[in-house]
Amino acid sequence: MPLSRPGQAARRLAVVALLLATAVGCGDAGGLEGAGSTPTAEGPARLWPELTPASSPAFEIGEVNTEVIKGVKVPGDDIRRVNPVSIVRAEIDRNPGDYDGPKAPYRDTKREMADCAKGPGHGKCPVLTPYYRDLTGDGHDDLTLGFPLLPGKTTAVRVYTVEKHRLVQVMGWEDALSGVELAGRSLVIRSPSEVAGYEYRLQWTWDRDQRAMLLTHDEMLRTGPRKHSRHPSAPSLTGSSSGSPTGIPPGSPTGSPAPSSSVSPSASGG
C-alpha cells in the first residue's frame, strides 16, 4: 500500500532524526561529511506547445504484424510438431515476387531450400535452427525462426504461436544481424550501425491486448569501451555485460524437450 503524504513526511523526519543521533554518537571521527556540489535537476521542457497534437500516424510501419499461416497444419496444437521448413516454404509460396525468377531479390533462398530434406541446419538449407519458448504466457511453447534472405546479407526473423488450432505469425523483421536474444517474453535483435562502436538493439515484447509482439524498445547503444568519460555505458536490454546472446545457448541443438520457461532448440527434420 503506498504511503500517504503525512506518512511520507513522518518517515522523512524519522530518517533525519536517526542521522543526527548517529552523528552525535560518533563524534567528529566518522561524522557526516558533505559530498560536494551536485548538478541542478532539470525537468523536461515542452517544445512548440502551440502545435496541435497529431491524432493519427504519418506513416504506416506495421506495428502489429500478425498473419495466419495458411496451408500449415499444427498437429495436436503442438507447435513443436510443425515442420519449420514447411513454414518457410509457405512464406516463399505467398511471396513469389521476392523468391521466383533470376531477378528476384531472394532467389538464392528458394534455390537452397532444395537442400532442406534433412531439416534446418543441414547442408545448404537456409532455415536456421528453430528455438522454442513460451513468449505469450499461455503455458505453451512458441516458435522463433530465422532464415537468410539470399544472396543479400539480411536475415528474416519470425515468431509464431498457435491460436484456435492455427499457426499465427506474431512478429516479423528483416535486418543484418549481429545477435539475437530471447529474454523473458521478449525478443532482442542486435544489428550493426554505420557509426563505429555502436549498434542498434530492437526489442519486441508480447502484448496480450494486440495479440502480437510489439516493438517496445528501439535503441542505439555503444558496444566498445567509452573513451575519456566518467559515466558507464548504457546497460544491455537483457542485462548481458559480455555482449553475447543470453537467451540462446551456443552449440548444436540437443533436440531434447525443455520447460517452456527456457529456450530449447529443435532437431525436427524436414
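Biologist: Is W173 buried, exposed or partly exposed?

Modeller: Keep in mind that this is a predicted model. Buried would need under 20% relative accessible area and exposed over 50%. W173 has 29% relative accessibility, so the label is partly exposed.

Biologist: How are the rings of W173 and W204 arranged: stacked, edge-to-face or tilted?

Modeller: A pair of aromatic rings is described by the distance of the centres and the angle of the planes. For W173 and W204 the centres are 5.2 Å apart. Stacked needs planes under 30 degrees apart and edge-to-face over 60. The planes here are at 55°, so the pair is tilted.

Biologist: How many residues apart are W173 and W204 in the chain?

Modeller: This pair links distant parts of the chain. W173 sits in strand 5, while W204 belongs to strand 8, residues 198-207. The separation is 31 residues.

Biologist: What about Y99 and Y106: how far apart are their ring centres?

Modeller: The model has two aromatic pairs by this rule. Y99 and Y106 make a tilted one, because their planes are at 55°. Y99 is buried at 4% relative accessible area, whereas Y106 is partly exposed at 24%. Their ring centres are apart by 5.6 Å.

Biologist: Which side chain does S186 join through a polar contact?

Modeller: S186 lies in strand 7, residues 186-192, and is buried, with a relative accessible area of 7%. Leaving aside neighbours within four places in sequence, S186 is in contact with several residues, including L135, E181 and W204. The polar contact spans 3.2 Å, and the partner side chain is that of Q203.

Biologist: Which residue caps the N-terminal end of helix 2?

Modeller: Helix 2 covers residues 84-94, and its buried residues include V85, I87 and V88. Those buried residues pack against helix 3, helix 4 and several strands, among them strand 5. At the N-terminal end, a side-chain oxygen lies 3.0 Å from the backbone nitrogen of V85, and the residue supplying that oxygen is N83.

Biologist: Where on the chain is L47, and which residues share its nonpolar surface patch?

Modeller: L47 is in the loop between helix 1 and strand 1. With 56% relative accessibility, L47 is over the 50% cut-off and so counts as exposed.

Technical notes: Residues are numbered from 1 along each chain as its sequence is written. This is a predicted model: local features need pLDDT of at least 70, side-chain atom pairs count only at pLDDT 80 or more; totals for chains, interfaces and linings use all residues. Side-chain values use heavy atoms; hydrogens and water are left out. Helices (H or I, at least four residues) and strands (E, at least two) are DSSP runs, numbered from the N terminus. Buried means under 20% relative accessible area, exposed over 50%, partly exposed in between (1.4 Å probe, protein chains only). Contact means heavy atoms within 4.5 Å. A polar contact is a pair of N or O atoms within 3.5 Å; within protein, one must be able to donate a hydrogen and the other to accept it, and residues adjacent in sequence count only if both atoms are side-chain atoms. Rings of Phe, Tyr and Trp (its six-membered ring) pair if their centres lie within 6.5 Å; planes under 30 degrees apart count as stacked, over 60 as edge-to-face and the rest as tilted.
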